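I opened this entry to keep track of what I looked up, going from the whole chain down to single residues. My notes follow the structure.

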Amino acid sequence: MTRRLGLAAAALLSLLASMLIAPAPAHAAVGLRVSGTRIVEANGNAFVMRGASHAHTWFTSQTSSFANIKALRANTVRVVLSGGRWTPNSASDVANVVSLCRQNRLICVLENHDTTGYGEQSGAYTLDQAVTYWSGVRSALTGTEDFIVINIGNEPYGNNNVSAWTSATTSAIGRMRGLGFQHLLMVDAPNWGQDWQFTMRDNAQAVFNSDAQRNTVFSVHMYGVFDTAAEITAYLNAFQTAGLPLVIGEFGHNHSDGNPDEDTIMAQAQQRGLGYIGWSWSGNSGGVEYLDMVTNFNPAALTSWGQRIFNGANGIGQTSREATFFGGGGTDTTAPTTPGTPSSSGVTSTGATLAWSASTDAGGSGLAGYNVYREQGSTDPLLGQSATNSITLTGLSPSTQYQVYVRARDGANNLSGNSATTTFTTTSGGGTGGGCTATGTVQGQWSGGYVVQPVTVTNSGSAAITGWTVTFTLPAGHSVTGSWNAALTTSGQTVTARNAGHNGNLGAGGSTTFGFQVARPGGNTATVSSYTCAAS
């Protein structure tokens, strides 16, 4: 991101970076490396980045930030450095950063911020100049391949002459390898990192192949360009389908160029095993102070953005696992303790609130959250997930008895035993004249899957409804891999989609939408073709 501090050069704001993950090396790489679409450690253990950016180059005295970010369960810090556009970070300063990373058991992504907005922002450096900086601090990085990633240049092109990104990036990678760097390299997209012209997406294979070690991961920054679930999933799908490595190197919950959909960004990253790094720990200014995760570098003063990324659903606290290089939980096989018996309250015709005694986890990966199931015989559908020991269920059917239980899950996806069950019965719907229809549109498809967006749910009755349930059947061999704006459960090939908390109430003639993504066998061209809808 551009410097969000009180300088004239900070007027142009940067965008985001996603940490996805990377394909297999053609030549042996040491330390962190790409394997298929994943980042793995030297021992072959998969590593998924969960972290925050820290503006070290402007706040070199805030060295306690490394420990404070780690204390909130991050496993990665992206460290802003400069080679001269701002006060340069010397080899000795970089060596101190490396020491802080090792001391605090953090994977550190070191990024050169000088290239931000090249071609559009005055004073920006070229990628070639960025490589010259890395050459000058190489002595501080020798032997650090197990825990240091080199992000060659931050957002290396603005919105001008972005076609030059491919050759400039390829050349930079070649120079880095020629200088003897064995590290996992990270390259940012043009268009201020957001790649809205798809230059990185469409040329990623050629850039990846140019690395003799096949050890480069691509980074997209997700801000206002990525303000819908469809845009986010389509971009991630393109890299996944191509078998290329990707991370979300920056993102936020808000931005001057639009409102990024951070919920989908985080959920999709977790579902796909992709890394993400939020912008940024503290020190933002120039109108984007809302991107601070803590106020004045105080870890006890989390902002709303800080609460969301560290403690929210699919956040760092739930999903981060320390690198095994530092002795982290790569081999956690210990399940959390069994939750207490849930109690129900606030039962309505379409919802209920449940609460239970919390579980604990001693396996090392940390308690990640809870799954709530309906007891239904051989196949118990998942009704919802929660990061805390309570949940408000929505989309239930009126006048229906529900017997439910809870299982805790940890960061290694170990599940606890089933809690004891509790039973409640939803109230009658109240009122008549309710009905609904559902129609789906295939937004895009490829050999291994497709996205249905939107599925439009319309209240076809004469009275308002407070909830809806859509069912559809997947073709043989197909499976749902993601969804948004609805809670989906699957039994065999039958999928049930219930309204989310925000889109169940529809007046007569009103409508809402949801969407989902499906994986299918290669060569299979079938898609979901029909839907049924029931109102409540």
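Predicted model: local features only at pLDDT ≥ 70, side-chain atom pairs only at ≥ 80, totals over all residues.

**Whole chain**

I began with the contacts: among those in the protein with a separation of 6 or more, 74% are between residues 24 or more positions apart. I looked up the confidence next and found a mean pLDDT of 88 for the protein, with 91% of the residues at 70 or more. Residues 3-28 have a pLDDT below 50. In the model, this stretch still has 151 contacts beyond near neighbours in sequence.

For secondary structure I noted nine helices and 26 strands.

I then turned to the overall dimensions. The C-alpha trace spans about 75 × 45 × 45 Å along its principal axes. I checked the radius of gyration against the value for a compact globule: for 536 residues that value would be near 24 Å, and the protein has 24 Å, so the two agree.

On burial, I recorded that 55% of the 536 residues are buried. The accessible surface of the protein is about 18800 Å², and carbon and sulfur atoms hold 48% of that surface.

I also looked up the charges. The protein has 24 positive and 28 negative ones, and their mean positions lie 6 Å apart.

**Two loop residues**

I picked Thr-303 and asked where it sits. Thr-303 is in the loop between strand S11 (276-278) and helix H8 (304-311). Is Thr-303 buried or exposed? Its relative accessibility is 18%, and buried means under 20%, so Thr-303 counts as buried. I listed its contacts, leaving aside neighbours within four places in sequence: Asp-292, Met-293, Val-294 and Thr-295.

Ala-212 was my next pick, in the loop between helix H5 (199-210) and strand S9 (216-222). Ala-212 has a relative accessible area of 42%, so I put it down as partly exposed. I also looked up its distance to Gly-178, which is 34 residues away along the chain: their C-alpha atoms are 9.9 Å apart.

**Backbone exceptions**

I then looked for departures.

Which residues does a cis peptide bond with omega of about -15° join? I found Trp-279 and Ser-280. Ser-280 lies in the loop between S11 and H8, and that loop also holds Thr-303.

I noted another cis bond from Gln-453 to Pro-454, with omega near 5°. Pro-454 belongs to strand S20, residues 449-459.

For phi, I noted Asn-161, which is not a glycine but has a positive value of about 50°. Asn-161 is in the loop between strand S7 (148-151) and helix H4 (165-178).

I placed Phe-198 in the loop between strand S8 (185-188) and H5. With 32% relative accessibility, Phe-198 counts as partly exposed.

Technical notes:
Residues numbered from 1 in each chain as written. Heavy atoms only, no water. pLDDT = per-residue confidence, 0-100. Contact = heavy atoms within 4.5 Å. Helix = DSSP H or I, 4+ residues; strand = E, 2+ residues; numbered from the N terminus. Rg over C-alpha atoms; globule rule 2.2 N^0.38 Å. Buried < 20%, exposed > 50% of the residue type's maximum accessible area, 1.4 Å probe, protein only. Areas by Shrake-Rupley, 256 points an atom, 1.4 Å probe, with all protein chains shown as cover. Lys, Arg positive; Asp, Glu negative; His and termini not counted. Charge placed at Lys NZ, Arg CZ, Asp CG, Glu CD.
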